[in-house]
Amino acid sequence: MSFNLRLLNLFFGMCKGAGGLPRGLYELGFRVETVEIRFTNSDRRTVAPELIIASEQIHHTVLFEWKSGANTDTDQLQRYSRITTEDLVAKAYLTRGKCTIHDIAVIGKDEHRDRIPIGIEEGGYDFPVLVVVADGLETILNGFHVAETDAAFRRLTVNWDTLPTTFFPVDADSELWEFAEHAIPLVLQEMQKGSPRVLANEIGKDIVPLWETMRPDYQGRLENKIEAVIDRAARREFSNYLHKNERAKARTHTPTWDVMENPLVGAADKRLKAWKAMLKQHKALVEYFKDEHRQEDLPLRGE
Amino acid sequence: MAERLQQVMSHAYTDLEERQQLEAETSLLKTYLVEAHSENSTHGDIRALLRGAFGQEGLGERSESHIHETEEEFFYSVDVKWATNSAEFYVDASDQRFWLLHSVSKSTAADRILQRVIANDSHLDTAWLPMQLLEQVAAMGLFRGLGLDFDRREVPDVDFEAPDAPVEYLKMQLWGNRAREVLNTLRETHAFADATTLSKVRVKHWLDRAVDQDSFTLDDVKWDGKITARGTSFPSHINLVTSVYRTYAEKVKGFEERFSLRYEAAQMANARRSHYTVSGEPFNITFSRPIADMEKFLDSVFSGAEPFRLWGAPVSLGRNYFRVTALDLHVTHRITFEITPDFMRVYLVDGSCGNSIARLYTNLQHYYDSGVTLKSGEGDTLF
């Protein structure tokens, strides 16, 4: 799972009280306000934090910027520094009671702990800087302006091995096995409804939250991965049930497969047998994509 | 319909009183709580659903059924034969999702037919009453008895021959006023706390005791939504049934409202841009002791078979951490699980059914761990 997805899922989990995570932020009343918002600061210049969380209880808002690389962007930091409470209320739609005080927090990787603070220190900004360490998040520069929030973040212990993954399950960098894991149940759901066709973009909408809001090129990258896993399924594990319809794409504008045989709409006893068989096939498909040494399965000519 | 059921109920009670037992073929009034999902829910849609479920499509070739409409909208009667079983059901679908099916047919036949109908039809499910809800039911009248039913063999992730093996199964029935005392004793930590699962309560309930002391119902309320009535008053029975089902339905609908994950783009007033919000939260399920063998546990729960009806391939995300993107075969909706030996997070997608949670939790109580808890992010227990 990418750095971005891990942090998004972590903060969503913590702010929603998901089991197995620290409860400090939740108990301070922090909830997720918005993801991937773009708005302008007091200089009318655009800022786009990855995530905003806020607490009515302690009147505190935190805007997060995460950095998977080693460097910060001087101009970006300057733009963040010019955000005011008025901007948050008028343009980011926070209620005033939640953003009396706000912080911009930058989170990076442990391996970049020496480089990330440089731009922030040089610019004289007081943004807290945190890095992802083996057992959680460590604040390495500055602190939050509200003592309770600062205490919650100061060595925030997280078991990264049991992180939530479901709020944002995949992105364009996710592995094919992850797409297989999510896509096949949706294909079968379509079959159970009696749909004659399976469309890649419909599967995408169900797997990837906020699909409709993504740029077409990004949707295309996701769609390619969905296509790769359903293609393999249609050639091997689910070849009795699915067949790629290359011609239909001209009309549907997305990779399309026809449902040929559909035991999921037949008699009850046969249905149960079919579900059982498909569970084995689904497991085999995920295992195939998990295998790093797998032999690529290419379509035969004319297939 | 009410008159007929009142007659049968009081007749059976008189028999019981006079002979102290029912003749083998005499039938008590039974009410089954059934949850139905229909894309549309007009009177005709529900008739069609019943036709499919009780017809050969649902019960198979060795069956025959007739659906009769009554004078009232959303009330039907169903005559059905399947193999050697025959039964008649009176269907009250006045709440188009949470139905009541009454029957005075032989219990074994009615149970068998309904079990098969529900197993085979993806629109229907029973209500699943966890033991906390059964205890609330016990408080709706005089608590007169109980049944316990715990069977760990359904999810066999341990060696039952091992010296420190947990309880394999524990079943008990107890009638009388001291039921609660026995229940409390069994639940003590040194007794059978993680294997004492309430499966049935017997409760004596009056519609209005102050007005008429002699008009009452003595009902056995089971965890699978079957309620068997004795007593003298059908209105008292219906009053109890309605109270139980209303409590249950509110829970199920509340789960869908509060917990389903919804991703929404809200348009900003002064811009062409949107900002994005996510509502909903996971359910937190915690076990009273760690899952002994994750693979065996997952294979049992997610095989797609009864009683869990969850289908999914567990995927390992790390040591002893699994994710299952499952389908609930009741309605074939997606439901995602993240599972460690100590806890489980469960995510409902928008449009999925809250009954899935009630079924999962209730079955975990009966087949895995009586001490399992179901909580929200806030930490409040959900039943």
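The following legends describe views of a predicted model. Local features require pLDDT of at least 70 and side-chain atom pairs pLDDT 80 or more, whereas totals for chains, interfaces and linings use all residues. Residues are numbered from 1 along each chain as its sequence is written, and chains are lettered from A in the order in which they are written.

**Figure 1. Overall view of chain A.** The C-alpha trace of chain A spans about 65 × 40 × 40 Å along its principal axes. Chain A contains eleven helices and twelve strands (DSSP runs of H or I, at least four residues, and of E, at least two, numbered from the N terminus). Of the 303 residues in chain A, 42% are buried, that is, 20 or more other C-beta atoms, placed from the backbone, lie within 10 Å of their own.

**Figure 2. The domains of chain A.** Domain 1 covers residues 3-162 and domain 2 covers residues 176-290; such bounds come from an automatic or database domain assignment. The centres of the two domains, taken over C-alpha atoms, are 37 Å apart.

**Figure 3. Helix α1 of chain A.** This helix comprises 13 residues, 3-15, and reaches 18 Å from its first C-alpha to its last. That span is close to the 18 Å expected at 1.5 Å a residue, calculated as 1.5 Å times one less than the number of residues. Buried residues of α1(A) include L7(A), F11(A), F12(A) and C15(A). After α1(A) comes G17(A), with a positive phi near 70°.

**Figure 4. The side of chain A that touches chain B.** Here 37 residues of chain A are in contact with 38 residues of chain B, contact requiring C-beta atoms, placed from the backbone, within 7 Å. Elements β1 (30-35), α7 (176-193) and α11 (268-290) of chain A each contribute at least two residues to this side.

Terms used. Buried ≥ 20, exposed ≤ 12 C-beta atoms within 10 Å, placed from the backbone. Contact = placed C-beta atoms within 7 Å.
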